[in-house]
Amino acid sequence: MITTIISVLIGIALLSMAILVSVRPWRRALISRRVFATYKRILPQMSDTEREALEAGTVWWDGELFRGDPDWNKLLAYPVPKLSPEEQSFMDHEVEHACSLVDDWKVTSEDFDMSPEAWQYIKDKGFLGMIIPKQYGGLEFSAFAHSQVVTKLSTRCSALSVSVMVPNSLGPAELLLHYGTDVQKNHYLPRLARGVEVPAFALTSPWAGSDAGSIPDVGIVCKGLWRGQAVIGMRVTWDKRYITLGPVCTILGLAFHLYDPDGLLGDKKHVGITCALVPRDTPGADIGRRHVPLNAMFMNGPTRGKDVFMPLDYVIGGPAMVGQGWRMLMECLAAGRSISLPSSNAGMAQLTARTVGAYARVRSQFKMAIGRFEGVEEPLTRIGAYTYMMDAVRKMTAGAIDLGEKPSVVSAIAKYHVTERARQVVNDGMDVVGGKGICLGPSNFIGRAYQQLPIGITVEGANILTRSMILFGQGAIRCHPYVLKEMKAAYNPNAEQGLHDFDEAFFGHALFTLKHAFGALGKGLTGSHFVSVPSGVAPETKRYYQQLTRFSSAFAFLADISMLVLGGELKRREKLSARLGDILSMLYLCSATLKRYESEGRQQADAPLMHWAMWDTMYKAQMAFDGVIANFPVRWIGRMLYRIVFPLGHPYDVPSDRIGHQVAKLMIEPSAARDRLTAETYLPNVASEPVGAVELALLATLEAEPIEARIRAAEKDGAFSDNPDANVRDLAHAAFAAGIVTAAEYVVLKRRNELRDIVIRVDDFPHDLGRSRQETVLHKEAA
């Protein structure tokens with residue numbers, strides 16, 4: 001009887017709550033108004049720069065992942081980016097020739113710059129104007145073509161790739177295209193397209209660093225003389241550093257805070273961050289000194305100016321755009337960040353995969369190619385699988401730009417994770433190459449890449465900041481279906497309209513959270529086996545789609561609980577925020593990998609690369625879930641979260657050694673799969689080039705291996721026991737003398753040995769590294 005009464009009372013209570021929630025006026029009066037008042041009180045104030053950063057760009061596939069139930073058909077329907085015939089011809093001819101014009105060792109160790117011939121070629125052929133429309137004389141290439149060009153150039157020389165990359169990334173050309181006046185466009189864009197003008201963009205200050213909104217550089221609106229006429233202009237003082245192409249630029253894009261103390265432009269004293277174009281020869285502009293970014297030798301340096309007067313016409317967009325610089329930068333940042341560093345680091349990974357894989361087959365120890373040792377297979381596997389995934393992310397993200405997206409969160413994911421994986425790839429490559437890699441010289445094909453890795457980690461948003469503050473911090477607000485709506489409602493000056501909007505968003509948010517709590521638990525209990533996936537996907541990938549949907553649902557729930565429990569404190573809990581960002585990132589990386597596998601026709605030879613990359617990334621996502629749950633500040637909630645997210649324990653272990661073996665095997669022998677993996681690598685076909693030598697040595701090694709196997713068998717039978725010349729270096733000669741190999745086979749072995757010795761050779765120099773010779777040359781030139 002008592003149980004029945006309690007059940008009835010619970011039923012009445014639940015029914016009453018349902019009625020209350022369904023009747024909006026009652027709900028708004030009794031619940032939403034109180035919650036709204038509390039929410040507005042605890043919501044931190046947001047500056048204009050923070051608001052513009054949050055509202056910049058677009059939400060793309062990241063929104064689907066945040067939604068907790070990704071529409072995989074939408075992912076698969078995104079068009080696969082392709083080069084036009086014109087773009088493909090440019091890759092096959094102009095890009096190939098540009099690569100042939102530079103010698104990385106000469107650039108980084110002797111000349112400290114590209115040759116005048118190389119500089120002139122990239123200017124004349126339009127490399128600096130790839131994003132500029134044809135009506136202004138540019139190439140008007142797609143974002144994907146831009147990415148392909150930068151990737152290939154990066155496999156040759158960082159000075160070459162960066163010199164091309166920067167004018168086509170965030171900077172004067174892009175800002176002019178979006179915001180410039182017709183006069184500015186007609187004057188500057190044709191000159192930028194032809195390389196008559198070399199652009200640089202100056203944002204970073206010694207005192208602000210990654211906090212770009214706090215730059216101390218200042219412009220004061222005032223009257224002054226300009227070319228003999230009295231005009232209203234700006235007196236600008238700046239001190240910038242890390243400005244790529246700064247030392248050689250002819251036109252400097254400059255960001256600074258603009259103030260109008262005398263009200264010459266209006267009532268606003270602090271007009272806001274402003275972007276101006278400053279010609280190099282502007283009186284007072286100090287441009288030309290250099291930094292040395294880890295011997296990369298692309299042009300990079302500081303720029304300064306003290307009370308430099310310039311007219312308001314220097315503002316990008318003219319006087320109408322004063323104070324709009326931060327919005328301009330935030331709106332354009334995603335496109336450049338989606339292409340530049342993901343492409344250059346993917347190129348670095350492709351170069352490593354191609355050369356280190358070949359080296360591991362050419363180089364033998366203990367009478368066996370080092371690539372066949374299980375200990376070496378492990379780093380080779382990471383090199384191959386990470387390169388496959390990195391390139392998938394690069395292509396999918398560049399494709400988003402061509403679809404008209406400006407994906408601010410996705411671009412940050414691509415920048416962070418491609419550069420971090422490049423660090424792992426090149427580090428692994430150094431481990432495999434060993435002593436050859438640690439001695440710099442003309443024949444070292446990996447040393448400079450290793451040396452310059454931190455550049456990509458540091459620039460365009462340092463990776464520590466990106467991971468801990470942007471990936472989830474910005475993603476949670478931009479990509480979540482309700483959070484930004486709630487915030488906008490709270491900031492609405494019309495209180496009643498704000499309450500109305502908040503009520504809709506808040507209860508939608510509550511239902512969204514409950515849905516994914518039950519969804520995560522249900523999918524966990526069933527192993528996600530009943531999750532529907534598109535019918536057309538490859539059968540071998542079906543389980544990945546199901547598990548990704550499960551992880552997406554669990555992520556949506558975990559993110560909501562974290563925001564609910566911690567509120568504004570989550571912004572300061574950077575480790576938790578970073579781990580939540582890791583989950584979102586892993587979901588995106590996996591999405592790009594599956595997209596690549598489908599778009600390339602489900603190449604079975606590539607399947608090991610796909611499987612290992614997917615398994616490894618899903619395992620990392622699982623560990624990120626653990627990191628959030630284990631460190632959740634309210635312990636009983638943390639335990640509850642674990643039971644919901646992983647009710648039957650972890651679904652993933654580390655990737656299998658069996659698949660890893662298949663990946664490593666793919667890395668050390670020529671194949672169509674290896675060619676697809678390293679498709680953008682520049683491959684000079686001459687032994688005098690380090691990359692060419694290792695390619696030729698690989699082919700020679702494969703031809704020699706059956707012959708060498710016969711020699712090894714004869715050696716085992718004692719055929720050379722009395723021959724002192726039968727050592728590693730001269731074994732081929734001894735075998736020929738003993739009649740074990742024919743004259744033709746001996747030629748094959750000699751050719752292999754010659755190429756092998758070129759590949760494993762380590763450069764050496766005079767004890768003073770040639771300084772005395774250089775001093776003699778300088779003395780003669782001075783005389």
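Contact here means heavy atoms within 4.5 Å. In this predicted model, Arg394 touches Ser147, Gln148, Thr151, Pro342, Ser343, Ala346, Gln350 and Glu680, with residues up to four places away in sequence left out of the count. Arg394 belongs to helix H14, which spans residues 374-402. The relative accessible area of Arg394 is 0%; because the cut-off for a buried residue is under 20%, Arg394 is classed as buried. One of the residues touched, Thr151, also takes part in a polar contact, in which its side chain and that of Arg394 are 3.3 Å apart.

Helix H11, residues 172-179, is mostly covered, with six of its eight residues buried. These are Pro172, Ala173, Glu174, Leu175, Leu176 and Tyr179. The packing partners of the buried H11 residues include both helices and strands: helix H12 (182-194) and helix H13 (325-362), together with strands E1 (199-202), E4 (251-259) and E5 (270-279).

In helix H7, residues 104-111, the buried positions are Asp104, Trp105, Val107 and Thr108. An α-helix has 3.6 residues a turn, so residues three or four places apart point the same way. At the start of H7, the backbone nitrogen of Trp105 has a side-chain oxygen of Asp103 within 3.0 Å. After H7 comes Phe112, with a positive phi near 60 degrees.

Terms used:
Residues numbered from 1 in each chain as written. Predicted model: local features only at pLDDT ≥ 70, side-chain atom pairs only at ≥ 80, totals over all residues. Heavy atoms only, no water. Helix = DSSP H or I, 4+ residues; strand = E, 2+ residues; numbered from the N terminus. Buried < 20%, exposed > 50% of the residue type's maximum accessible area, 1.4 Å probe, protein only. Polar contact = N/O pair within 3.5 Å; in protein donor to acceptor, adjacent residues only side chain to side chain.
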